[in-house]
Amino acid sequence: MAVRPILIAGDPRLTTPALPVTAFDSELAGFVDDLFDTNTAAHGAGLAANQVGDPRAVFVYDLIDFGVRHRGHVVNPVLETSAIPEVMPDPEDDLEGCLSVPGEWFPTGRAEWARVTGVDVAGRPVGVEARGYLARCFQHEIDHLSGHLYLQRLIGRNMRAARKTVKNRGWTEAGKSWVPGRVS
């Protein structure tokens, strides 16, 4: 098990849709363990494979929502949600961050309810229904696997602020990453 470098916005691997997993073996199980280790070291809620440069459709999650810890992984996920709000997100209640946009938070509109289905590392069916923070996490991670950063969901002044931040931080080119737990 290892902590892997996390790609930063601007790397094209973050905007490339994931490929379905076809091999369910010990290598996949070890990779999922690495995703958990990396997510834990980064103090994240979830992590998608392409955030560490791997093209497979898999993500992990580990968070506390409504006082309950939720931890798991989904391979080849499919997402279903309630309606996504089309109004300006609440600047306090709808803040969202991303390990590929380190240190930045922007209000992001998300559906209140989500269901994710797929399989686990052994190919067994899994399905989880969620509300609130966990539902937000599922939507965020599946956006990653679809080749989208949450920045692309921003609207109005939030979108303008994010574009300015990305430019000012120099996140417009490939190859930038950070390693959780390492002081730079």
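1. Start with S100. It sits in the loop joining β5 (95-98) to β6 (101-107). Strands here are DSSP runs of E with at least two residues, helices are runs of H or I with at least four, and both are numbered from the N terminus. The model is predicted: local features need pLDDT of at least 70, side-chain atom pairs count only at pLDDT 80 or more, and totals for chains, interfaces and linings use all residues. Numbering runs from 1 along each chain as its sequence is written, and side-chain values use heavy atoms, with hydrogens and water left out.

2. S100 is buried, because its relative accessibility is 0%. The classes are: buried under 20% relative accessible area, exposed over 50%, partly exposed in between (1.4 Å probe, protein chains only). Beyond its neighbours within four places in sequence, S100 is in contact with I6, L7, I8, A9, L14, Q51, H144 and L149; contact means heavy atoms within 4.5 Å. S100 and L14 are 86 residues apart along the chain, yet 8.5 Å separates their C-alpha atoms. The S100 side chain also reaches the backbone oxygen of L7, at 2.8 Å.

3. Next, the charged pairs. Side chains of opposite charge can pair when their charged atoms come close. The whole structure holds 16 salt bridges, each a side-chain nitrogen of Lys or Arg within 4 Å of a carboxyl oxygen of Asp or Glu.

4. D62 takes part in a salt bridge with R69 at 2.6 Å, N to O. D62 also has a salt bridge with R71, where the closest N and O atoms are 3.3 Å apart. D62 is buried at 14% relative accessible area. R69 is exposed at 55%, and R71 is partly exposed at 47%.

5. E104 and R169 form a salt bridge with closest N and O atoms 2.6 Å apart. E104 is buried at 18%, while R169 is partly exposed at 41%.

6. Salt bridges also build a network, made up of D94, E96, R110, R136, D143 and R153.

7. Which residues of α3 are buried? They are N158, A162, T165 and V166. They lie on the same side of α3, because they cover an arc of only 100° around the axis, taken from the directions from the helix axis to the C-beta atoms. These buried residues pack against β6. On the other side of α3, R157, R160, R163, K164, K167 and N168 are exposed.

8. The length of α3 checks out. Its 13 residues should span 18 Å at 1.5 Å a residue, and the end C-alpha atoms are 19 Å apart, which agrees. The expected span is 1.5 Å times one less than the number of residues. After α3 comes G170, with a positive phi near 75°.

9. Last, the cysteines. A disulfide is a covalent bond between the sulfur atoms of two cysteines. With a disulfide taken as a pair of cysteine sulfur atoms within 2.5 Å, the count is zero.

How values were computed:
A polar contact is a pair of N or O atoms within 3.5 Å; within protein, one must be able to donate a hydrogen and the other to accept it, and residues adjacent in sequence count only if both atoms are side-chain atoms.
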